[in-house]
Amino acid sequence: MTDRYQTFTRTPLGQTLVKNLGLPDPAPLPRWTEGAPVIDGPVVFGAIGETDTGKAIQALLHDIGASFSTAAEGVASSEIRPKALVFDATGASSTVDLSSLQRFFSPVIRQLAPAGRVIVVGRTPELSSSTDQHVAQRALEGFTRSLGKEVKRGATVNLVYVAPDAHEQLDSTLRFFLSPKSAYVDGQVARVGTGPLVSNDPSRPLAGRTALVTGAARGIGAAIADTLARDGATVVGVDVPQNADALRKVISRIGGTELLLDVTAVDAAQRIAAHAQERHGGLDIVVHNAGITRDRRLVNMRTDAWDAVLDVNLRAPERITKHLVESGALRDGGSIIGVSSMAGIAGNNGQTNYATSKAGVIGMVQALAPVLAERHIRINAVAPGFIETEMTAKVPFTIREVGRRINSLQQGGLPIDVAETIAWFADPASAGVTGNVVRVCGQSMLGA
Ligand code: NAD
């Protein structure tokens, strides 16, 4: 689906109207393309003192071949347009240290390149070594969420909290947030903990892995299947028999296997496990993407509409997860990814059933993350905002237009944006990333 308003704003007449009438000005958001570097411009790095996290960040910038400087003042008085500003705030031990944020960012923020990246790295507040540090680290959320609303031209601002001794786990997360793969992830907080150190080829991080994707026939699910296959995974695509042709197209393009079933069927979990074990020897990644809406205000909600949404969006993922974990079809070290929704965070008029199911997906992540950690299985979820798909094409025009514009990037996201976030979660090198719910919403004003 194309965003005609955005196309119009790129014309000379559109730009004039945008400027004179103060209309939304959605900037083009470049997406990652095969062979492109992680970041295609200079990076400015700042820090509060010297820390292990700072050293790990600089080592990564070196590894990805980024040209980076630590002299923000020098950059401020030059013509340099940094593509990213990365600030290590883990050294903030009390609120006195928060002054460093303003000192570092104020002079350089204006020079951030279009579609630039701001990443602040902090210490996980709950794991701070003192109450003073906890307060200072928690304060970073307010800073990054506000700066996300201030930066323009498609730039994003995100915060990464890292647990003590987890600095070596940061690579896959920083690569994601630095690159165009995170184009529509804005104003978010990601948490990285400790875990086994996995080093893999960042261009094929899922090589040798098998991934289950439900609802893979179209929309976001098809983009997830494509993206996980691009990253080296063999994909098992699941969808309902009515979408057999569309599913076949996706699977024949990426070379995986297909399984036609309704995820709510009583034997769905057993059939998935049997297929995965017989055809692929098991699974490493499970993406619960299949989802439906049956919108009605509660006063008019029919029992079948309520049940159908809860069954597909929440009970099926619960049941399938349980069976795959208990049967061992999902191997130790695996990764489960739920697809929640902004409605599950903010609530939405006419979506009590949908929002209940999607908030339940967040509950699944929170409840299971510590339990599954014993087997090094990780569980995370994405919560998409307004994504341009067949599902949102059906939304009435005015509601659709509002949905597209009420976020910091003033546009809808694309299925690939959700898929890239899922690929970051699925990456074995993200071994320290579990229990996260990351919104892919362009920093929507709803439920922020
Ligand atoms: P879509 O309707 O375009 O695709 C959903 C796919 O799931 C379809 O191929 C469908 O056949 C399949 N499916 C539905 N019920 C199934 C069942 N019982 N068994 C097997 N397959 C089934 O939807 P989409 O927009 O691509 O959304 C994908 C996911 O993202 C959903 O979970 C949705 O709730 C979530 N989401 C979407 C948006 C958005 O803006 N599009 C926003 C937030 C969350």
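**Figure 1. Contacts and overall fold of the predicted model.** Among contacts in the protein between residues at least 6 apart in sequence, 78% join residues at least 24 apart; two residues are in contact if their C-beta atoms, placed from the backbone, lie within 7 Å. The model is predicted: local features need pLDDT of at least 70, side-chain atom pairs count only at pLDDT 80 or more, and totals for chains, interfaces and linings use all residues. Numbering runs from 1 along each chain as its sequence is written. The protein has 16 helices and 13 strands, these being DSSP runs numbered from the N terminus (helices H or I, at least four residues; strands E, at least two). The radius of gyration is 22 Å, close to the 22 Å of the globule rule for 448 residues, so the protein is as compact as a globular protein of that length. That radius is taken over C-alpha atoms, and the rule is 2.2 Å times the number of residues to the power 0.38. Along the principal axes, the C-alpha atoms fill a box of roughly 65 × 55 × 40 Å. Of the 448 residues, 50% are buried (20 or more other C-beta atoms within 10 Å of a residue's own; exposed means 12 or fewer, partly exposed in between; C-beta atoms are placed from the backbone).

**Figure 2. The shell around the ligand.** Gly215, Gly219, Gly291, Thr389 and Met391 come nearest among the 28 residues around the ligand, a residue being near if its C-beta atom, placed from the backbone, lies within 6 Å. Helix H8 (219–230), strand S8 (234–239) and helix H14 (390–393) are the elements that give two or more residues to this shell. By class, the shell holds 13 nonpolar, 11 polar and 4 charged residues. Nonpolar means Ala, Val, Leu, Ile, Met, Phe, Trp, Tyr, Cys and Pro; charged means Asp, Glu, Lys and Arg; the others, Gly among them, are polar.

**Figure 3. The annotated span 209–385.** An unreviewed UniProt entry annotates residues 209–385 as "domain: Ketoreductase"; such annotations may be inferred rather than shown by experiment. The span is 49% helix and 21% strand, and its end C-alpha atoms lie 29 Å apart.

**Figure 4. Positive phi at Asp165.** Most residues other than glycine have a negative phi. Asp165 has a positive phi near 65 degrees. Asp165 sits in the loop between strand S5 (156–162) and helix H7 (171–178). It counts as exposed because it has 11 C-beta neighbours inside 10 Å.

**Figure 5. Positive phi at Gln443.** Gln443, not a glycine, has a positive phi of about 60 degrees. Gln443 lies in the segment after strand S13 (437–440). With 22 other C-beta atoms within 10 Å, Gln443 is buried.
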